[in-house]
Amino acid sequence: MAIARNDLDNNGLTIGVSPERFRAVAMPLLFDHLNAQCEGTIAVNRQARIVWINDKYAEKIGISDPRSVLGKEIEEVLPASRLREVVESGQPSMLDLMAFGSEHFVVTRIPLRDEDGTLVGALGFVLFDRARHLKPLMSKFTTLQTQLVATQNELAKARRARYTIAGFIGTSPAASEVKRQARRAAQLDATVLIRGETGTGKELLAQGIHNLSPRANGPFVAVNVAAIPETLVEAELFGTAPGAFTGADRKARIGKFEVANGGTLFLDEIGDLPLALQAKLLRVLQEQEIEPLGSNQVKPLNVRVIAATHIDLEAKVAAGEFRDDLYYRLNVLALQVPPLRERSADIPAVIEHLLDDIANRSGQAPMELAPSAIALLCNQPWRGNVRELGNLLERAQLSTDGTPLEARHFTPLLGSTTTAAPQAAAMPSEPMLAEPAPEPNAPLQRLAESIAQAERRALQTALLACKGNRRRAATELGISRASLYSKLQLHGLSER
C-alpha cells in the first residue's frame, strides 16, 4: 500500500484510513502475530468441532499429527476447553486458566465472525505455557486451591461419625440388650427414637447405628435442638432463601437437613422442638422433601432421622406440648438407654475406658485406681451418668498426685452425694440379717447372671408391693416408666 509522506503523522501512522481498510490490513497481521508469539492456537466451527490446530499446540498436548484431530469435538481433545461456550454465547473469554493434565495454561478465547458479522466459530490461544509469566498469580491460585481441598477434606471428616456400637462400653444384660437393638436398627432405614438420661451415650449409639448402616459413607450431622434459639430453629434445620428475612444473607443458606442429604441427621433433645415447627418436621419425615424458609421451591431429600430425648414425651403429648402424630412418626424404632446406676456391673470397664481416654488427651500416664476407689464409684447414683463419671476422673487427675488413687481421694470430690461403698467386713453394733452362705460345693454364677436375677426379683417385689401399678412401681424403684417397661420386657415380665 503506497502511502504519501503528507498522509503520515509525527509517529508514522497513516491518517484518514477507513475502519474497513484498517481491519482488512490489521486483522491478518494480528492473527499472524498471536500465532507466532503464543504457545498454541486452535480453531473450532459452529458445532465446536476442530477445524484447525497449529503444530505447536499439537506437540504441546502430545498429538503427533495435527490432521488426526480435525473434525473431533473440542472436548475429546481438550476436556477443560470452554470454546463451546464462546461459540454458543458469542462472547469472548479474554483471560482464563485451563487445566490439561497436571499443567495449567493461560488462554484467551475469541468468537470468529465472517464479513457479514455471522458467528462461524471460535479461536483459542495459549498465551503462556505453564503460566511461567504469571508466577505471583499462579502461586496464589495454587495456594487457594490447596486450601480449598484441605478445607473440603476437613469438612468431610467433621461430617463423619466417629463412634461404633462397640464403643458403648459394658457387658451387663442391659448394655448387651441396647447394643443388640442398635445393631438391629442399623439394618433398617426407619426413624429411630433414642431415650435415656443425659450422659448415657445417646449420640454415641446414634453414630454407631449410622456407621453400621448402608448410609455409613454419607454424612452424619448432629443438631442439639435445645441449643438453638427458638427464632433460628427453622432456618438452621430447613435453610433459607436469599433475603428471607431482615438481616439474612443475600445468598441462600442450606439447612442441616440438606447438609445431611444421603446420610443421617441426629436431632438431639427433640422434645424441645417448638410446637409450631413440629408440623413441618412431620412433613419432612413423611415426604422426604424440604421447603427452605422464604422459598417456594421444594427440594427432594434422602435423609434418615435419629432423634433423642431425656424427657417424658408421653407427658408432653398429654399436655399438648408435643404433637401425637409426630411422636408416633418418630417412635418407629425405640431404644431405651439404661442409666449407669442400673448397670453398675459395667462401671469398672467404663472407668478403665475413661482413664485411657483421659491419658490419650492429656499426654500423661493413665491413672490407677485402688479397689476401694472402684468400689466407692460403683456405689454412686451418677445422675449425670458417664459424662459425670468422666468429669470426676478428670478432676481427680488434676487435684491429686500419685497412684493408685484410693476412696479417700474421691470422697471430697463427690461432696454431699457420696454413698459409702459396702465394706468387705462389717462389725455392726446390732444384729444384722445375713444372706444364707452358699453351699461349699455349689457352682458359682457369673456376676452378670447374679445381677440379672437380683434385678428380676426387685421388679417382681415392686410390682407385688404396688399391686401391679407400674407408674408407682417405677417411682418406688427410682427409674423412669419407660425404663421399667424395657426391663419388664427384658426379663419376660411384661405380660404378667
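Predicted model: local features only at pLDDT ≥ 70, side-chain atom pairs only at ≥ 80, totals over all residues.
# Loops, core, ring pairs and pocket

Tryptophan 382 lies in the loop between helix 14 (371-378) and helix 15 (385-399). Tryptophan 382 has a positive phi of about 50°, although it is not a glycine. Most residues other than glycine have a negative phi. The relative accessible area of tryptophan 382 is 2%. The cut-off for a buried residue is under 20%, so tryptophan 382 counts as buried.

Alanine 48 is not a glycine, yet its phi is positive, at about 60°. With a relative accessible area of 1%, alanine 48 is buried.

Next comes helix 7, which covers residues 202-211. Eight of its 10 residues are buried, so helix 7 is largely enclosed by the rest of the structure. The buried residues are Lys202, Leu204, Leu205, Ala206, Gln207, Gly208, Ile209 and His210.

In soluble globular proteins, nonpolar side chains tend to be buried together. Here, the largest nonpolar core has 29 residues. Those with the most contacts inside this core are Leu237, Phe257, Leu265, Leu267, Ile270, Leu273 and Leu281. At least two core residues come from each of strand 7, helix 8 (233-238), strand 8, helix 10 (275-287), strand 11 and helix 12 (324-330). Helix 10 supplies the largest share of the core, five residues.

Phenylalanine 257 is one of the core residues with the most contacts. Leaving aside its neighbours within four places in sequence, phenylalanine 257 is in contact with Leu237, Phe238, Leu265, Leu281, Val284, Ile290, Leu301, Val303 and Val305.

The aromatic rings can be looked at in pairs. A pair of aromatic rings is described by the distance of the centres and the angle of the planes. The count comes to three aromatic pairs. One of them joins phenylalanine 220 and phenylalanine 266, which are stacked at 6.3 Å centre to centre with 20° between the planes. Phenylalanine 220 lies in strand 7 and phenylalanine 266 in strand 8, so this pair ties together parts that are 46 residues apart in sequence. Both phenylalanine 220 and phenylalanine 266 are buried.

Phenylalanine 238 and phenylalanine 257 have ring centres 5.6 Å apart and planes at 5°, so they too form a stacked pair. Since phenylalanine 238 lies in helix 8 and phenylalanine 257 in helix 9 (residues 256-259), the pair ties together parts that are 19 residues apart in sequence. Phenylalanine 238 and phenylalanine 257 are both buried.

The last stop is the largest pocket, with a volume of about 820 Å³. It is lined by 28 residues, and the closest to its centre are Tyr163, Gly199, Gly201, Leu204 and Val386. Leu204 is also among the buried residues of helix 7. Which helix gives the most to the lining of the largest pocket? That is helix 13, with six residues. Helix 7, helix 13 (347-362) and helix 15 each supply at least two residues of the lining. By class, the lining has eight nonpolar, 10 polar and 10 charged residues.

Conventions: Residues numbered from 1 in each chain as written. Heavy atoms only, no water. Buried < 20%, exposed > 50% of the residue type's maximum accessible area, 1.4 Å probe, protein only. Helix = DSSP H or I, 4+ residues; strand = E, 2+ residues; numbered from the N terminus. Core = buried A, V, L, I, M, F, W, Y, C linked by side-chain atoms within 4.5 Å. Contact = heavy atoms within 4.5 Å. Phe/Tyr/Trp six-rings, centres within 6.5 Å; stacked < 30°, edge-to-face > 60°. 1 Å grid on protein atoms, 1.4 Å probe; cavity = no way out; pocket = protein on both sides within 12 Å on 5 of 7 lines; lining within 4 Å. Points joined across faces, edges and corners; volume = space filled by probe spheres on them. Nonpolar A, V, L, I, M, F, W, Y, C, P; charged D, E, K, R; others polar.
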